[in-house]
Amino acid sequence: MISFDFEYFKPATVEEAVRAFWQAEARGKAPIYYGGGTEIITMARLDQLRPGAVIDIKGLPECNDMRFRGEQLAIGAARTLTDVEETPLFPLLADTVRDVADHTNRNKITVGGNLCGRFFYREVLLPFLLVDSLVVLAGPKGMRTVPVHQVLNGAPSLARGELLVQVLSDRRYFGLPYVTVKKTKMERIDYPLVRIAALRTEQGIRMAFSGVSDIPFRSLRIEAILNDATLSLAERIDRVIATWPVPILNDIIGSAAYRAFVLRNTLRDTMTALERRSL
Amino acid sequence: MNNTDRGIVKCELELLVNGKRQPVVIRSADTLLRVLREQLGLTGAKAGCENGDCGACTVIVSGTAVKSCLMLAIEARGSRITTIEGLEDAPIQQAFIDHFAFQCGFCTSGFIMNCQALIDRHPDANEAVITEWLRSNICRCTSYEEIRKAIHAVIDRE
């Protein structure tokens with residue numbers, strides 16, 4: 001049971017949603033945009049989050065888009081992970097979401113909720129980082145489109161009150177060889193000890209990570225090491241782990257040493273699989 | 001959307017549950033699980049973890065299995081809600097009996113609703129699909145193999 005009240009809005013347009021946010025904000029309601037609500041309900045029940053207003057974005061047409069416009073695939077923020085999985089227009093994304101949470105929860109978790117959520121795994125982000133997606137954001141000054149790297153790589157840095165409307169991805173990446181792998185401590189549906197999504201392009205292998213640290217990220221410096229043909233694979237992996245850019249998590253799911261061990265093996269398997277595959 | 005700049009905190013609305021329009025008075029913060037159990041007396045959906053982990057509260061909302069502890073009742077406006085009480089002699093219910101697919105029974109209604117949604121969606125589901133869907137629910141008595149047999153009994157017959 002959620003022990004406090006909040007106002008519920010279900011706007012019909014993006015403009016109404018943003019206006020509702022700022023009107024509630026002006027009244028001190030600490031509003032929050034609401035997609036599938038799984039994380040918000042969970043945290044509110046535990047009193048870890050106390051919004052005074054929630055703005056449900058599932059009625060916004062742009063947030064329900066999932067179609068190609070020319071060479072770009074637009075995926076609305078309110079689309080569920082099940083939608084993405086069952087209509088695999090972006091195969092790497094579909095295969096990645098397939099083992100986020102469990103099937104019933106994927107019926108409710110939305111793309112936008114996972115990308116902007118407070119649970120730091122945000123695994124849906126990784127494929128978008130690999131294909132240099134763009135995100136469409138709405139705020140009081142209108143819409144803006146920016147690279148996903150700019151606002152979501154690492155900790156989310158959307159401006160207060162900005163609504164993630166859509167993610168745009170270039171289809172030219174969709175046919176490239178990829179690997180997406182999630183290592184958990186026990187159950188497959190658990191949070192990842194190590195999650196890697198990787199893509200092989202003509203310029204080299206791209207890789208993004210979740211679970212290893214308390215932010216999901218893609219690092220060009222790590223990719224430069226992994227693509228350094230002057231080093232053996234073992235040397236490249238040693239160097240990546242030795243210079244990991246953020247602290248490796250050390251928690252109940254796994255110690256830092258165990259995570260590094262799993263990371264090492266998963267990196268080796270991922271690199272080996274991708275280096276075998278032709279473009 | 002409201003004409004005012006105020007959102008809904010509490011309201012009276014109708015939910016379409018098991019084919020009947022049911023008037024309820026809800027807070028926006030009420031989960032569907034709580035409204036089904038406490039206002040409509042439909043206690044088949046169980047309050048297990050209330051954290052989206054166990055699946056004991058699973059119901060079907062417009063054809064989709066949903067954990068009712070992770071859905072606000074107000075979100076279900078205009079949707080068709082089916083609870084275990086709305087299944088009448090569904091083949092999966094008999095199959096659970098025939099295959100002893102439960103022991104204590106606490107998880108059973110959630111499992112049956114998930115299985116029903118699976119059979120509706122994938123009447124020819126293969127083993128991988130069944131495994132994937134069954135991961136959504138937990139049975140601490142570990143009746144998983146019997147539950148799997150019950151699903152197969154329905155799918156293979158159909």
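Visitor: In which handedness of crossing does α2(B) pass α3(B)?

Guide: This is a predicted model, in which local features need pLDDT of at least 70, side-chain atom pairs count only at pLDDT 80 or more, and totals for chains, interfaces and linings use all residues. Residues are numbered from 1 along each chain as its sequence is written, chains are lettered from A and ligands numbered from 1 in the order in which they are written, and side-chain values use heavy atoms, with hydrogens and water left out. A crossing is left-handed if the near helix is turned anticlockwise from the far one by less than a right angle, and right-handed if clockwise. For α2(B) passing α3(B), the crossing is right-handed.

Visitor: At what angle do helix α2 and helix α3 of chain B pack?

Guide: Helices (H or I, at least four residues) and strands (E, at least two) are DSSP runs, numbered from the N terminus. Axes are lines fitted to C-alpha atoms, for helices over the stretch in contact, and angles run from 0 to 180 degrees between N-to-C directions. In chain B, the axes of α2 (residues 91-98) and α3 (residues 108-121) are 9 Å apart, and the helices pack at an angle of about 130°.

Visitor: Which word describes how α2(B) and α3(B) lie to each other?

Guide: Angles under 35 degrees count as roughly parallel, over 145 as roughly antiparallel, 65 to 115 as roughly perpendicular and the rest as oblique. The angle here is about 130°. The two helices α2(B) and α3(B) are therefore oblique.

Visitor: Which residues of α3(B) meet α2(B)?

Guide: Contact means heavy atoms within 4.5 Å. From α2(B), the residues taking part are B:I92, B:Q93 and B:F96. Their partners in α3(B) are B:T108, B:F111, B:I112, B:C115, B:Q116 and B:I119.

Visitor: How many residues of the contact of α3(B) with α4(B) are nonpolar?

Guide: The axes of α3(B) and α4(B) come within 10 Å and cross at roughly 145°. Residues B:F111, B:N114, B:C115, B:A117, B:L118 and B:R121 of α3(B) make the contact with B:V129, B:I130, B:W133 and B:L134 of α4(B). Ala, Val, Leu, Ile, Met, Phe, Trp, Tyr, Cys and Pro count as nonpolar, Asp, Glu, Lys and Arg as charged, and the others, Gly among them, as polar. By these classes the contact has 1 charged residue, 1 polar residue and, as the count requested, 8 nonpolar.

Visitor: Which residues of α5(B) does α4(B) meet?

Guide: Helix α4 (residues 127-134) and helix α5 (residues 144-157) of chain B have axes that come within 11 Å and cross at roughly 130°. On the α4(B) side are B:E127, B:I130, B:T131 and B:L134. On the α5(B) side are B:I147, B:R148, B:I151, B:H152 and B:I155.

Visitor: What is the radius of gyration of chain B?

Guide: Chain B holds 5 helices and 5 strands. The radius of gyration is taken over C-alpha atoms, and the globule rule is 2.2 Å times the number of residues to the power 0.38. A compact globule of 158 residues would have a value near 15 Å, which agrees with that of chain B, 16 Å.

Visitor: How many helices and strands are there in chain A, and what box do its C-alpha atoms fill?

Guide: Chain A has 11 helices and 12 strands. Along the principal axes, its C-alpha atoms fill a box of roughly 60 × 45 × 30 Å.
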